[in-house]
Amino acid sequence: MTTFANAVDMWEQTRAALGTVSPYTARKSAEKAHIFSPFFSDVEIDDITPADVEPAIAIIRTDGGRHGQGLSGTT
């Protein structure tokens, strides 16, 4: 079983190891993906649907971020 958290971590490691992006870019991308961890961290990646993600995005846009002020649509 591959959880969301494991998939993001593997994605980061693979991108850095293959050299498709710098290790810094791989880490920063993974950090952004991990904003979904409160919702999906332990959920199997194959079980996450667009219908699951949309409410998470709505919450993140209003309450996400380091200071709870919400994130922009570009984030």
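**Figure 1. Threonine 62 in the predicted model.** Threonine 62 is partly exposed because its relative accessible area is 49%, where buried means under 20% relative accessible area, exposed over 50% and partly exposed in between (1.4 Å probe, protein chains only). This residue lies in helix α4; helices (H or I, at least four residues) and strands (E, at least two) are DSSP runs, numbered from the N terminus. Not counting residues up to four places away in sequence, threonine 62 touches Gly68, Gln69 and Gly70, contact meaning heavy atoms within 4.5 Å. The C-alpha atoms of threonine 62 and serine 72 are separated by 8.8 Å, the two residues being 10 residues apart along the chain. The model is predicted, so local features need pLDDT of at least 70 and side-chain atom pairs count only at pLDDT 80 or more, while totals for chains, interfaces and linings use all residues. Residues are numbered from 1 along each chain as its sequence is written, and side-chain values use heavy atoms, with hydrogens and water left out.

**Figure 2. Glycine 64, in the segment after α4.** With a relative accessible area of 12%, glycine 64 is buried. Leaving aside neighbours within four places in sequence, glycine 64 is in contact with Ile59, Gln69, Gly70 and Leu71. Isoleucine 35 is 29 residues apart from glycine 64 along the chain, and their C-alpha atoms are separated by 7.8 Å.

**Figure 3. Packing of helix α1 against helix α2.** Helix α1 covers residues 4-18 and helix α2 residues 23-33; they pack at an angle of about 165°, with their axes 8 Å apart. Axes are lines fitted to C-alpha atoms, for helices over the stretch in contact, and angles run from 0 to 180 degrees between N-to-C directions. The angle therefore makes α1 roughly antiparallel to α2, a term for angles over 145 degrees, whereas those under 35 count as roughly parallel, 65 to 115 as roughly perpendicular and the rest as oblique. On the α1 side the contact is made by Phe4, Val8, Trp11, Glu12, Arg15 and Ala16; α2 contributes Pro23, Thr25, Ala26, Arg27, Ser29, Ala30 and Ala33. These residues divide into eight nonpolar, two polar and three charged, where Ala, Val, Leu, Ile, Met, Phe, Trp, Tyr, Cys and Pro count as nonpolar, Asp, Glu, Lys and Arg as charged, and the others, Gly among them, as polar.

**Figure 4. The aromatic cluster of Phe4, Phe36, Phe39 and Phe40.** Ring pairs link these four residues, and the structure holds three aromatic pairs. Rings of Phe, Tyr and Trp (its six-membered ring) pair if their centres lie within 6.5 Å. Phe4 also takes part in the contact of α1 with α2.

**Figure 5. Threonine 2 and aspartate 46.** Threonine 2 is placed in the segment before α1 and, at 28% relative accessibility, counts as partly exposed. Aspartate 46, in the loop between α3 (37-40) and α4 (50-63), counts as exposed at 64%. These two residues are 44 residues apart along the chain, with their C-alpha atoms separated by 8.1 Å. For aspartate 46 and threonine 3, 43 residues apart, the C-alpha separation is 8.4 Å. Beyond neighbours within four places in sequence, threonine 2 is in contact with Ala7, Met10, Val43, Glu44 and Ile45.

Technical notes. Rings of Phe, Tyr and Trp (its six-membered ring) pair if their centres lie within 6.5 Å; planes under 30 degrees apart count as stacked, over 60 as edge-to-face and the rest as tilted.
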